[in-house]
Amino acid sequence: MTGVSSPENITDTDEQAIRRIQRWLRTRSGMSYQDNKLILLANRLMRVCFQFDISGMTALAEQLESSNRNDVQIAVMNAASTNHTYFFREPEVLSFFELSILPTLPQNNVRIWSAAASTGDEAYTTAIQICERRGVAWASQNLAILGTDISANVVNQAEGGIYGENHVTHIPATWLGKPLDIGNYLAPAGLRQYRISDNIRPLCTFRRMNLTALPYPFQKKFHVVFCRNVLYYFDRATQHDVAEAIYDVTVPGGWLLTSVTVSLRDLKTRWVNIQPGVYRRGLGA
């Protein structure tokens, strides 16, 4: 089996199998791969076939549908998710968080959830922003950031806190008008790699979680939820259900931050749209 460069390279049999896997992904994880992403998905699934010595797409589809091979199922979900992120991504949303949301958060027991956290860049970026405003000492006593993702691989990477240059290259030298001494939060860790420093690493906890498995299991609600890496994978019905489930685990007056490219306005959720990528739960809701 070789890589696929165009739809003409996919046999009818393989296409039928890939569509079965598309449906399995939608049912199992909510991911909605459109037809124009078929080549991308096919190439990612081939890596899973190679990893587990599976003969082809049809055999892979059969394993997903009829076996209890949890390792294969996780590998397919890992392969299907992009997981490309980096520190200080979408600065317009981060600026709003730091200047308009952070000052309104309580002085004690602040809880933040990075949903679909990928490799943890977002969670650690948030920790850095809060430490810059309220100090590391305050954060160590009053801040808890949870990062969750469906992919075990990226959760492990987030917990490890080691990042290559492509993750940190967008960190600005000056942030919101002030010099950002990133050396307080990231230290060199070998050739072109950086390690999260011990002063902010304990602020972030990472767990594996499927966002489409409802209801969510949290006993305490969150003040802010970041969900910027995954909604565009879901169809509209799943986007609605996930947004509503996040609403239910957010405190009154709490916030939801999405990618600026994803709008909830037509989904008829309870969130109030503040600006692109920024939504708020009513204070009395």
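Q: Where are the limits between buried, partly exposed and exposed?
A: A residue is called buried when its relative accessible area is under 20% and exposed when that area is over 50%, with partly exposed lying in between. The model here is predicted, and in it Asp248 has a relative accessible area of 41%, so this residue is partly exposed. Arg270, with 39%, is likewise partly exposed.

Q: Which side chain does Asp248 meet in a salt bridge?
A: To read such a contact, look for a side-chain nitrogen of Lys or Arg within 4 Å of a carboxyl oxygen of Asp or Glu. The partner of Asp248 is Arg270, at 2.8 Å from N to O.

Q: Which residues do salt bridges with shared partners join into one network?
A: Arg89, Glu90, Glu122 and Arg228 are the residues joined in this way.

Q: How many salt bridges does the rule give in this model?
A: The count is nine. One of them is formed by the side chains of Arg133 and Glu98, with 2.6 Å between N and O. Because Arg133 is in helix α6 (residues 121–134) and Glu98 is in helix α5 (residues 91–101), this pair ties together parts that lie 35 residues apart in sequence.

Q: Which side chain meets Arg207 in a salt bridge?
A: It is the side chain of Glu159, at 3.7 Å from N to O. Here strand β8 (residues 204–208), which holds Arg207, is linked to helix α8 (residues 152–160), which holds Glu159, across a separation of 48 residues. Arg207 is partly exposed at 47% relative accessibility, and Glu159 is also partly exposed, at 37%.

Q: What is the strand order in the open sheet of three strands?
A: The order is β3-β7-β6, and the pairing is antiparallel. The edge strands, each of which pairs on one side only, are β3 (162–164) and β6 (186–188). On average, neighbouring strands in this sheet are turned by 35° against each other when direction is ignored.

Q: How many bridges join β3 to β7?
A: There are three bridges between β3 and strand β7 (residues 193–196), and these strands run antiparallel. Tyr163 stands opposite Tyr194, which is in β7.

Terms used
Residues are numbered from 1 along each chain as its sequence is written. This is a predicted model: local features need pLDDT of at least 70, side-chain atom pairs count only at pLDDT 80 or more; totals for chains, interfaces and linings use all residues. Side-chain values use heavy atoms; hydrogens and water are left out. Helices (H or I, at least four residues) and strands (E, at least two) are DSSP runs, numbered from the N terminus. Buried means under 20% relative accessible area, exposed over 50%, partly exposed in between (1.4 Å probe, protein chains only). Two strands pair if DSSP finds at least two bridges between them. Axes are lines fitted to C-alpha atoms, for helices over the stretch in contact, and angles run from 0 to 180 degrees between N-to-C directions.
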